[in-house]
Structures are given as C-alpha cells and as structure tokens.
Protein chains: 2
Amino acid sequence: MLSGVVIERLCIAGVGLIGGSLALALRAAGAVGEVVGTGRRSEPLERALALGVLDRYELEPARAAEGADVVLLGVPLGAMRPVLAALRPGLGEGTVITDVGSAKGCVVADAEAVFGALPARFVPAHPIAGTEKSGVEAAFPTLFRGRRVILTPDRHTDGEALATVRGLWSAAGAEVVEMGVTAHDRMLAGTSHLPHLLAFGLVDMLARSPDHDEIFQYAAGGFRDFTRIASSDPVMWRDVCLGNREALLAALAAYREDLERLTAMVAAADGDALEAVFRNAKRTRDRHLHIFEK
Amino acid sequence: MLSGVVIERLCIAGVGLIGGSLALALRAAGAVGEVVGTGRRSEPLERALALGVLDRYELEPARAAEGADVVLLGVPLGAMRPVLAALRPGLGEGTVITDVGSAKGCVVADAEAVFGALPARFVPAHPIAGTEKSGVEAAFPTLFRGRRVILTPDRHTDGEALATVRGLWSAAGAEVVEMGVTAHDRMLAGTSHLPHLLAFGLVDMLARSPDHDEIFQYAAGGFRDFTRIASSDPVMWRDVCLGNREALLAALAAYREDLERLTAMVAAADGDALEAVFRNAKRTRDRHLHIFEK
C-alpha cells in the first residue's frame, strides 16, 4: 500500500463516511502527515478526533485550510458552494482542491461561481464507493480498496494537482480513471442516481399504504437488497437529485417510457416479450458480475 | 430441528432451488422417508440424485405421485396446470397436494381447472425465501430457516392436510402463517413482483444503451444489490408476472403515478419534497430492518 505521495497536511471539509475513510486509508498507507477537519458542528469533529481520523479541527473553514497541501470537500453537493466560499480565504497559491461529490457538473458550476472559473488546481473527483451508512462512525480504511475513482479534469487542469489527487486515491487502494464531466453525470444518473430514486420511491409508496406494517413483515431478501439504498442519507441524495437534475430527468424519462412498455406487456399477458426483457437483463447482469465482485 | 411430522413418501414435481432445498431440509430433520422426483428432463433429476436430494425419479408424473403422502409442486407458475393434470392419475384419496408458487390466485384457478374445484387436500403455499440462483445445484438445507411460509387455505381445506403442510415447513425451520389468497397476491405484488420487474427493466434499459459496456464498469455496490433480483430466472418471473397480473398491474399503476410525482419534484428542483420522501423511506426501511436480518 506504500506510495510515493506524502501529503504533509490534508484538510477535510465535511468529515463523514467518505472523508473519514480516506483519512484512515491515507494514514494506514503512511501517505499523509497531519489531517485537519472542519465542519458546521464540533460534535462530529470531536468523534472524528476520538476515532483517530483527525489530528485537529477548526470550526472556521478558512483557518482549517491554512497551510494545507490538499483541501478535500466531503460535504453534500448542496453545501459545496458556501463551503468553497468559506474555505477560499485560507487557500494558498499551491493548494490542491478536490471533492468527492456524486455529480460533477454542479461542482464545476459551484467552483465557477466562487472563483470565476474552475481553478487549475481544482480536480473534481468521485469515488465509486460507499455504503448506505453515513457519518464518520461508519468510516473504515479499506472502503476504497479495488474501487474506482473517477476524476473529471479539463484542459486547464494543472498536471501536478492532477498527479497529487491521483496519488492520493491510489494510496487509498483505488483504481483511478478519468472522464468528461458530462459522460460522468450521464452514466452515474443511470447506474446510481436513478436506482436510488426508484428504491426511495418504492419504500415510500409501500410505507403510505394502509397495511404497511403487515406488508414489510412479508418482505424477503430480494426486497432487502433492492431497497438497501433507500436507507441512504436523505440530504445527500436530495442534493444529488438536484445537482444532477438534467441527467437524472433524462434517465427518468427513459425509464418511465420503459415501464410503460413493460406495463403494456403485462396487460397484454405477452409472456414472450416479458421473457425476452428478463433474459436480456439477466444475461447482461451476469456477464458484468465480475465487476461487482472485485 | 426434530418435529413430529414424518412423511413416508414425498413426491416433488420440479426439483429446483425450492423443492431441492425443502427435500434437503426435511432429510436433515429426519422428517421424510423417501423423496421421489419428477420433471420433464432426466438430466437435472440425475443431478438431484447425485446431490442426495432424491432417492429416485420417474419421468412420468403420475407414476412419481403413486403412493406419495404429499405431492409438492415446485414448477414455475405457467407449468402448474399441465403438471397437475399429469399428476392427477397417480394421486390417491389421501394424497396431500401443495405448491411453492409466488402467486396464489392463479394456482387456485389452475387447480379448479384440473379438478373442478380446489381439492380439500390441496394447500396452496408460498415460502418467502429464495435467492437469485435457480436449479437444484443451488439448493441448501437451511434456505427456509427463520423464513416465513404463507399458506392460503380456504374454508373447505382439510384440517389434516393443513396440519401436514404446516408440519412439513416447520420441520424445515420456517415460520408458518396463513392469509387469504387476495391479500397474499396484493402484498407480494408490492414487495416482490414489482421490484423484480423494476430491476429487470432497469438492467434491460441500460443494456440497450450504446455505451452499455462502459456504464456497467462504473456501477457500484448499490447497483449490484438493487439489481441482484435481475439475475433471477426469466421463465419463473415471466410466469409470476402473468400469474399475478391483476395485482401487479395495480402495483405498477400506483408506482408509475409515484414516479410521475417524483419526476415533477426533480423537474421543479423541489428539494424539500424530495427530502421528505427520502426521509420517510429511510425511516420506514430502518424501522423494519430487523425483519430482514432474522
């Protein structure tokens, strides 16, 4: 797990599952010197101190950012803009900025709003990892091992800053890839944001039925897994839906059209058509199973 | 695991994951004498013999049923009617019949079509257990331990037959409950049949997109779990969709209406409304988590 990258001082704004796990992973790899946290409330930061995630914290973001080599934004997408603005006075000329947001177009827009343009040393990033749990208590150092992290640099991105962020995630055990902001947002709308909305929606619908308590009594393993993501953090996912609104609306439109088609097949008792859809889905998923099992 | 029930001879028509696991569980509990299988093809029956699931098999259903105390239908819903008709000549006066179909109204209709009315010794049943795998190779004796099995007897059901089927599932470690056919079909449409259709539909939609190979490369754990049920047996689920058509169409209509509502929230960037839905879903799911973790 050793890597050449040693970050003398890492500042984490928003010390939750992702930021906390990254700090633990970098510590385990000997790839970080001091880890400074910042956040709205001292209580979770105190817990992060007690868990060995942080060396110290500052409630004032700009103070936390002072002297940091890398500032990592671990806050929900909806807090990116104000937190970036609050960090700004503490950022040095050479400070590398990165984030872990699940959508990237909105983060770039937030950076543009705060700095006028995406700073060359801001490298947007999205680790494809997580659990339905949230908060620093859920953090663990191997969360990113073997997982992909997508970076979405543009042609103005500073090469050194990109190498630092690549090195940071590699040190945490992740496989780093690059793609464009639009491709990222469209892809993740289909494989992550839409499924979250569908799962939240199903549980909410069943919860509002008159016999909801009985209904859940007879739910099985398939339901448990299908709805696992409906136990995710509501604020984070509200922000993802708003942050990746355009791509999510496109995915929703396509899916609703498909559901109309499936409904027509059921209504017409068209077994052949249903079986063809199910076969294609099973074949595709089984073919890609090795990806999930890494 | 010992129970008072000992079935001298159990006939299983359709020896797959469910029928195979039940045979293994009953053997482990010392609750069955001889297990005789029947099916369309000898190959899976030979494998079931080799795995110790069956003592012997007959390709002719009526011959397999001869002298059996209990005949268990483990075939997909679409095969219930022809298999019941083929078993019929081998059934004795006292033979108890039961099934493991995921919908119950259609099984009752199949029995009525074959026998004129639901026989008093036919006890419809549905074990709420399974995996996305299928076939006798996937069978294991503890599949039903701590799981619920729903029986849907009616007022004409023979008490002794009901006790036998209850005893059989109890011996396999399951918790047996009773409910009406309509309540069963409506409930399972919401917690099982609709989620399967939604998961199959999502994977099929993504598989048909031009960059589908890349899309699956960036899918994470949430997607893996959400779509696990899309690796289920296409024929079985085609039959469930057709067998529970009415209740599934009602669930689909309600869900599509909800999705329209959620889409409107995203389109209007109504974060408060989205957060309220997500909070309700998370709260409800987390409250019922203990059910899934039994």
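Between which two helices of chain B does the loop that holds B:Ala269 lie? In this predicted model, B:Ala269 sits in the loop that runs between α11 and α12 (271-292) of chain B.

**Loop residues with positive phi**

- B:Ala269 is not a glycine, and yet its phi is positive, at about 50°; with a relative accessible area of 39%, B:Ala269 counts as partly exposed.
- In chain A, A:Ala269 lies in the loop between α11 (245-267) and α12 (271-287), and its phi, near 50°, is likewise a positive value in a residue other than glycine.
- A:Ala269 has a relative accessible area of 40% and is therefore partly exposed, since that class lies between 20% and 50%.

**A buried loop residue**

- B:Asn244 belongs to the loop between α10 (234-243) and α11 (245-267) of chain B, and because its relative accessible area is 4%, under the 20% limit, B:Asn244 is classed as buried.
- Beyond its neighbours within four places in sequence, B:Asn244 is in contact with B:Ala103, B:Asp185, B:Ala189 and B:His193.

**Nonpolar cores**

- The largest nonpolar core holds 128 residues, and those touching the most other members are A:Leu194, A:Leu197, A:Tyr255, B:Leu194, B:Leu197 and B:Tyr255.
- Not counting residues up to four places away in sequence, B:Leu197 touches A:Leu262, A:Val266, A:Leu274 and A:Phe278 from chain A, together with B:Cys241, B:Leu248 and B:Leu252 from chain B.
- Apart from that core lies another, of 42 residues, which includes B:Ala25, B:Ala161, B:Ala172 and B:Val176.

Conventions: Residues numbered from 1 in each chain as written. Chains lettered and ligands numbered in written order. Predicted model: local features only at pLDDT ≥ 70, side-chain atom pairs only at ≥ 80, totals over all residues. Heavy atoms only, no water. Helix = DSSP H or I, 4+ residues; strand = E, 2+ residues; numbered from the N terminus. Buried < 20%, exposed > 50% of the residue type's maximum accessible area, 1.4 Å probe, protein only. Contact = heavy atoms within 4.5 Å. Core = buried A, V, L, I, M, F, W, Y, C linked by side-chain atoms within 4.5 Å.
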